[in-house]
Amino acid sequence: MLRDLPALRLVDTPLIPLLAAQAVWVAARARRLPEARGPRSGQTGNGTPLRLLVLGDSSAAGVGVAHQDMALAGRLAAHLAPHRSVQWRLHARSGATARSTLKSLDTLPPGAYDAAVLALGVNDTKNGLSAGRWRRDYEALLDALATRFGVTLWVASGVPPLDRFPLLPRLLRDVLGRRAMLLDHELAQLAALRPDVIHLSVGDALDPSAMAEDGFHPGPAVYDAWARRVAQALLDRPLPRVAP
């Protein structure tokens, strides 16, 4: 997510030179952490079957922790296991946007899923995507998941509050924070019009002191808190269709 920071299109501020300098400084200073190791699919738990697809960017891929057991998908499966028989798959890549995730569905093995969890928005934010384009890309992704993979319930993790990311210097943090808030508001509006889409704010789970060592990705405690909230959202909402 950090690799392209100097290309930020921050046209809404007269302080472009300073912001560009800060972006270059961040890109040079940022520690590159790998995606979490470990399986990207599995089956666990007891109870009503649930076929679950987790999609997204580096946060979905587990950057910031060593193994998928400690990342979003692994912790989500663990929290669901006492209540559901979970068959899960992770489809995530560092740098992913809503549009690139839509395109990448061509590489996803054929299959059917009851629910999908999406973790996107940071790269769309830092790339300067307009709110309208973000919403169209995200809605196209939802429609493709329904048509091609049978998804009937979505948990749309909110765009993280970038103004709370320790790595970013103050001015850049404020600008990106406003952009993230704008995209998250658009996502909430989209979810309000689609009863099977749950917009789940992630702000409460994001403790800046519990971020990864790069100051930009979740640490183990953040992933666990995030996964716990997603699991509860899934458990609170009856599936429109029960997996066979």
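**Figure 1. Burial and overall layout of the chain.** Of the 244 residues in the protein chain, 55% count as buried in this predicted model. The chain has eight helices and six strands, and reading from the N terminus the elements go α-β-β-α-α-β-α-β-α-α-β-α-β-α.

Figure 2. The average pLDDT for the protein chain is 86, and 84% of the residues score at least 70. Residues 1-12 are another story, with pLDDT below 50, although this stretch still has 42 contacts in the model beyond near neighbours in sequence.

**Figure 3. Leu120 in its loop.** Leu120 sits in the loop between β4 (115-119) and α5 (122-126). With a relative accessible area of 2%, Leu120 falls under the 20% cut-off and so counts as buried. Who surrounds it? Setting aside neighbours within four places in sequence, Leu120 is in contact with Gly56, Asp57, Ala96, Thr97, Ala98, Thr101, Trp134, Leu141, Ser157 and Val159. Ala156 lies 36 residues away along the chain, yet its C-alpha atom is 8.3 Å from that of Leu120.

**Figure 4. Helix α3 against helix α8.** Here α3 (residues 72-80) and α8 (residues 220-236) cross at roughly 50°, and their axes come within 8 Å. That angle makes α3 oblique to α8. The crossing of α3 past α8 is right-handed. On the α3 side, look for Leu72, Arg75, Leu76, His79 and Leu80; they meet Tyr223, Asp224, Trp226, Ala227, Arg228, Val230, Ala231, Leu234 and Leu235 in α8. Sorted by class, the residues of this contact come out as ten nonpolar, one polar and three charged.

**Figure 5. Helix α6 against helix α7.** The axes of α6 (residues 131-149) and α7 (residues 170-192) are 9 Å apart, and the helices pack at an angle of about 45°. The two are therefore oblique to each other, and α6 passes α7 in a right-handed crossing. From α6 come Ala131, Trp134, Arg135, Tyr138, Glu139 and Leu142, which meet Leu182, Leu183, Glu186, Leu187, Gln189 and Leu190 in α7. That gives eight nonpolar, one polar and three charged residues in the contact of α6 with α7.

Note on methods
Residues numbered from 1 in each chain as written. Predicted model: local features only at pLDDT ≥ 70, side-chain atom pairs only at ≥ 80, totals over all residues. Heavy atoms only, no water. Axes fitted to C-alpha atoms, helices over the stretch in contact; angles between N-to-C directions. Helix = DSSP H or I, 4+ residues; strand = E, 2+ residues; numbered from the N terminus. Parallel < 35°, antiparallel > 145°, perpendicular 65-115°, else oblique. Left-handed = near helix turned anticlockwise from the far one by under 90°. Contact = heavy atoms within 4.5 Å. Nonpolar A, V, L, I, M, F, W, Y, C, P; charged D, E, K, R; others polar. pLDDT = per-residue confidence, 0-100. Buried < 20%, exposed > 50% of the residue type's maximum accessible area, 1.4 Å probe, protein only.
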